[in-house]
Amino acid sequence: MPTMNMLQAINNALDIAMGEDDKVLCFGEDVGSFGGVFRATSHLQEKYGRARCFNTPLVEQGIIGFANGLAAQGSVPVAEIQFADYIFPAFDQIVNETAKYRYRSGDLFNVGGLTIRTPYGGGIAGGHYHSQSPEAYFAHTPGLKIVVPRDPYQAKGLLLASIRDPDPVIFFEPKRLYRAAVGEVPEEDYQLPIGEAEVTKEGTDVTLVGWGAQMEVIDRAVELAEKDGISCEVIDLRTLLPWDQDSVAESVFKTGRLVITHEAPRTGGFAGEIAAAIQERCFLYLESPIARVTGLDTPFPLTLEKEYLPDHLKIVEAIRASVNF
């Protein structure tokens with residue numbers, strides 16, 4: 001089985017999708033001959049032509065408006081927003097058009113073929129305009145699906161599933177793992193399920209939940225916790241909308257404790273939604289308060305990035321506090 005980094009896995013997924021279906025189009029800022037700012041679309045224009053992989057103007061609202069129109073007419077657009085921090089000019093198109101198109105037309109029309117790819121998160125010294133994690137803004141919007149892979153294998157399988165899904169998907173890519181995450185990825189076509197979490201490690205004392213780049217951070221925290229004799233169960237949500245409540249609740253019924261972590265700020269972060277839902281379902285089984293380990297309620301800082309990010313040391317402190325409550 002070949003070894004790929006996350007960028008290569010994403011490129012391979014796009015290649016497979018474009019190769020099997022002429023209706024699949026890739027477009028965004030600099031995605032053509034340049035291959036995108038991170039080179040995720042390298043060689044796709046060369047292989048499939050300028051009509052199917054092409055550059056757009058630097059106007060995010062226009063990119064998504066154009067994508068909505070294409071999808072409504074039966075195309076399968078894969079639109080790239082160069083950084084998730086720049087998705088906000090397209091917020092109206094995504095929230096009021098993409099998410100509501102099927103509903104408002106009584107299913108006469110839909111834009112379910114649309115996938116929006118965008119790199120998110122910190123860890124690259126990008127400052128406050130190239131480091132944000134805006135997933136919670138969109139998780140409040142019925143009609144969308146939100147997918148976040150943690151490694152190359154997941155990235156390929158989940159991206160192919162997203163492109164073929166009957167609903168519009170925002171596919172958040174953890175950019176600090178683009179080249180850092182390397183693993184075995186099958187060359188052939190495969191899909192992974194949207195809406196299903198994955199238990200990546202079984203344990204009995206505490207449940208840890210995360211997604212995307214935080215899964216690597218969780219794994220490092222778990223190594224430290226297990227030296228203290230704490231058995232950790234680890235769950236990668238993979239999909240935030242819809243999120244797999246049943247898998248998390250089943251784990252918490254067993255462990256009685258829950259620690260949730262994400263890079264986004266604490267207030268209004270998706271960890272709050274998870275915590276509220278799980279305490280409703282698992283209240284009588286909880287041995288300690290549900291803990292959140294998140295980014296800070298400040299703009300993303302450049303010089304204090306390490307202090308801002310929820311690293312493995314902060315997570316292991318939360319694990320110990322939960323177990324010793």
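Predicted model: local features only at pLDDT ≥ 70, side-chain atom pairs only at ≥ 80, totals over all residues.
## Helices 3 and 4

On the side of helix 3 the contact is made by Gln61, Ile64, Gly65 and Asn68, while helix 4 contributes Asp92, Gln93, Ile94, Glu97 and Thr98. Sorted by class, this contact has five polar residues, together with two nonpolar and two charged ones.

## Helices 8 and 12

Helix 8 (residues 214–227) packs against helix 12 (residues 312–323) at an angle of about 55°, with 8 Å between the axes, and the two helices are therefore oblique to each other. The crossing of helix 8 past helix 12 is right-handed.

By class, nine of the residues in the contact of helix 8 with helix 12 are nonpolar, two are polar and two are charged.

## Domain arrangement

The chain is divided into domain 1, covering 3–184, and domain 2, covering 198–324. Their centres, taken over C-alpha atoms, are separated by 27 Å, and the contact between them draws 28 residues from domain 1 and 25 residues from domain 2.

Between them, domain 1 and domain 2 bury about 2,000 Å², of which 57% is on carbon and sulfur atoms.

Conventions. Residues numbered from 1 in each chain as written. Heavy atoms only, no water. Axes fitted to C-alpha atoms, helices over the stretch in contact; angles between N-to-C directions. Helix = DSSP H or I, 4+ residues; strand = E, 2+ residues; numbered from the N terminus. Parallel < 35°, antiparallel > 145°, perpendicular 65-115°, else oblique. Left-handed = near helix turned anticlockwise from the far one by under 90°. Nonpolar A, V, L, I, M, F, W, Y, C, P; charged D, E, K, R; others polar. Domains from an automatic or database assignment. Contact = heavy atoms within 4.5 Å. Buried area = accessible area lost by both parts, 1.4 Å probe.
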